[in-house]
Amino acid sequence: MSLRYRIPQILLVTLLALVALPQLWYPFGFDQMVYAACGDVIRRGGVPIRDCFETKQMGVMVMYAIPMLISQTAWAVHAFTLLWQAVTSIVIARVARDVFGPRAAWPAAIVYWLMYAGINYWSMDQAETFANLFLLLAFWQVVKSQEPRAKNQEPRIKNQEPRAKNQELSHLHSQSSTLNAQLFFAGVFVGVTFWFKYIFVLVGVAMGAVLILRFAFIRPRLRLASWLLLLGSFALGALFPMLLGLLYYALQTDGLWTLQLQLNFLRENFPLTEPLPPDGMARMILRFFDNGADVSGDFKRTLSNATAAAQVLGGGFPLIIGLGAFGFLRAMIQPRPQSARVAALYLLAYLLTAIVLCIWQGNYIQYHYTLMHVPVALLAAAAFATEDTQPFTIASKSLFFGLYSVFFLAVGLLVYRMTPLMIDTYDNVLVQGKPLRQQYIESKQGAHLPVSEYIRDKTGPDDTIAIFGDAPWIYTLSGRRNATRFSFVNVWIKKRHTPSYALYVQQFADGLAQNKPVYVLLTKADFPWLNNDYIADYKLATPIYNYVETNYAYEGENGPFLLFRRKS
């Protein structure tokens, strides 16, 4: 392709990059602080979950550990995540082109990238963020495994479907004598997501259900042994990374025991919040129509009103979802490209499963909705499904004109919602030249910095600290190791009726006794959560309270933190 045609593409990619660029200057939200603390543990040679408690699995912690090998900053993690999203966008473009035709590639990539670009700072860099790529690859491999591969295939004509079905049967027969490599790798990608969140495997289960239905539909002409072998390829692929993960933990001291403790905790406390009634569930699911369920950015109070005002027509999400609905219907009705109908069925199962997982998890936080981004982006791209050999008529040209009009309006709204953040970043970084520290101080997470700097000045690089509360960013900001395996306490410290409570309190106290942190920090009331006071919980956690009261002396306050220093 000549430079003349490359220049518009280069300009478009540059614009898309600029829209997401403000994310580099976002502070960590609470979840990101936890993952960073665990990533730092892994970077130092620790074992995820065993040495750093979390309710999710090790995948997201490993993703944080990768950039933290280079720099232990939020900037590095955000940059790595944006690169990951860029790769996902490129792959989604390739998938859209493969299953829906060349016109679908750019819309899929642009929609996926822009949906994530405007995410709230609390919801970025999450397990869903990274798992989307693996689920996308799983979907692609499942669809490709069922494409006919007839040699010297003639150009497609109107009355093609019987021939296409025969080609598909011939392909399945030829592939079923051995394990199907594409279904095996589809299973592998699904199995990888198991180690981000166990429940992500249900997306693979939904794909497997569609696979079974398709095999059942053509079973009269497909041998049962062949059918089972194809399904077995998918299942074996999924089991492979699961077993590798279990082997990793089996080789670690107390590794499998730690996983059992985590499963016990999840069983005792799931869901972590009370489920809503059906009408409440419906209202929360419909939040996805409004900017993906949350205000863009919103990491400092001076931006809250501006970012909310920039969300016109739901930030473009209703238009994207409308394109997705039309794309599904178009893929199901029109006979070409041939892969579109099969892909649309899998995407519908994928999307419905993502919605079910959002409901099941109970917490309607924007990052739970992120799991919907891949199927929504691909279904929206399906609205543009066509083939190079497909002739254009006046009707088809009119249809595409309308579709592109809706698409460009949606893109404009997705970009517009980010203008307050782009302006704020330009003003702070280029005009005022504020260092990153000052920008964090001005954010909603600013209270973490002064106490982190105080601890760094008062301790040595090999010293440890402990925090009774929910302020895990202090560990990475100060560069000091956590003396316990708990970087936060909110999900278990108030569950005194559960068996896990006594065990976790004792583990916390044992970590203090074993590692003898220089400082123990206690958070004041209403930090970081309103209407919450951990001081009462601290006093009720007798082994922790007794150890600190005996071995530490109160040193003073620093913002919302009470500091206790070890007695000499």
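The model discussed here is predicted. Leu11 belongs to helix α1, which covers residues 3-20.

**Leu11**

- Leu11 is exposed, and its relative accessible area is 56%; the cut-off for exposed is over 50%.
- Between Leu11 and Ser396 there are 28 Å in space, taken from C-alpha to C-alpha, while the two are 385 residues apart in sequence.

- The structure contains 1 disulfide, formed by Cys38 and Cys52 with an S to S distance of 2.0 Å.
- Cys38 is part of helix α2 (residues 30-43), whereas Cys52 sits in the loop between α2 and α3 (58-68); the pair therefore ties together parts that are 14 residues apart in sequence.
- The link of Cys38 and Cys52 is left-handed, with -75 degrees about the S-S bond.
- Both Cys38 and Cys52 are buried.
- Ser487 is located in the loop that runs between β2 (481-482) and α23 (499-515).
- Ser487 has a relative accessible area of 0% and is therefore buried, the cut-off being under 20%.

**Helix α8**

- Helix α8 comprises 14 residues (181-194), and the distance from its first C-alpha to its last is 20 Å, close to the 20 Å expected at 1.5 Å a residue.
- Asn180 caps the N-terminal end of α8, placing a side-chain oxygen 3.0 Å from the backbone nitrogen of Gln182.
- Of the 14 residues of α8, 10 are buried, so this helix is largely enclosed by the rest of the structure.
- The buried residues of α8 include Gln182, to whose backbone nitrogen the cap is directed.
- Also buried in α8 are Leu183, Ala186, Gly187, Val188, Phe189, Val190, Gly191, Thr193 and Phe194.

**Packing of α5 and α17**

- Two packed helices are described by the angle between their axes and by the distance between those axes.
- For helix α5 (residues 105-117) and helix α17 (residues 373-382), the angle is about 145 degrees and the axes are 8 Å apart.
- The crossing formed by α5 and α17 is right-handed.
- On the α5 side, the residues that meet α17 are Pro107, Ala108, Val111, Tyr112, Met115 and Tyr116.
- Their counterparts in α17 are His373, Val374, Val376, Ala377, Leu378 and Ala381.

- Helix α15 has 23 residues (339-361) and reaches 33 Å from its first C-alpha to its last, close to the 33 Å expected at 1.5 Å a residue.
- Gly362 follows α15 and has a positive phi, near 80 degrees.
- Cys358 is buried, and its relative accessible area is 0%.

**Leu399**

- Leu399 is placed in helix α18, which covers residues 394-416.
- The relative accessible area of Leu399 is 30%, so this residue is partly exposed.
- Apart from neighbours within four places in sequence, Leu399 is in contact with Phe326 and Arg330.
- Leu399 and Ala383 are 16 residues apart along the chain, and their C-alpha atoms are separated by 9.9 Å.

Definitions and conventions. Residues are numbered from 1 along each chain as its sequence is written. This is a predicted model: local features need pLDDT of at least 70, side-chain atom pairs count only at pLDDT 80 or more; totals for chains, interfaces and linings use all residues. Side-chain values use heavy atoms; hydrogens and water are left out. Helices (H or I, at least four residues) and strands (E, at least two) are DSSP runs, numbered from the N terminus. Buried means under 20% relative accessible area, exposed over 50%, partly exposed in between (1.4 Å probe, protein chains only). The expected span of a helix is 1.5 Å times one less than its number of residues. A polar contact is a pair of N or O atoms within 3.5 Å; within protein, one must be able to donate a hydrogen and the other to accept it, and residues adjacent in sequence count only if both atoms are side-chain atoms. A disulfide is a pair of cysteine sulfur atoms within 2.5 Å. Axes are lines fitted to C-alpha atoms, for helices over the stretch in contact, and angles run from 0 to 180 degrees between N-to-C directions. A crossing is left-handed if the near helix is turned anticlockwise from the far one by less than a right angle, and right-handed if clockwise. Contact means heavy atoms within 4.5 Å.
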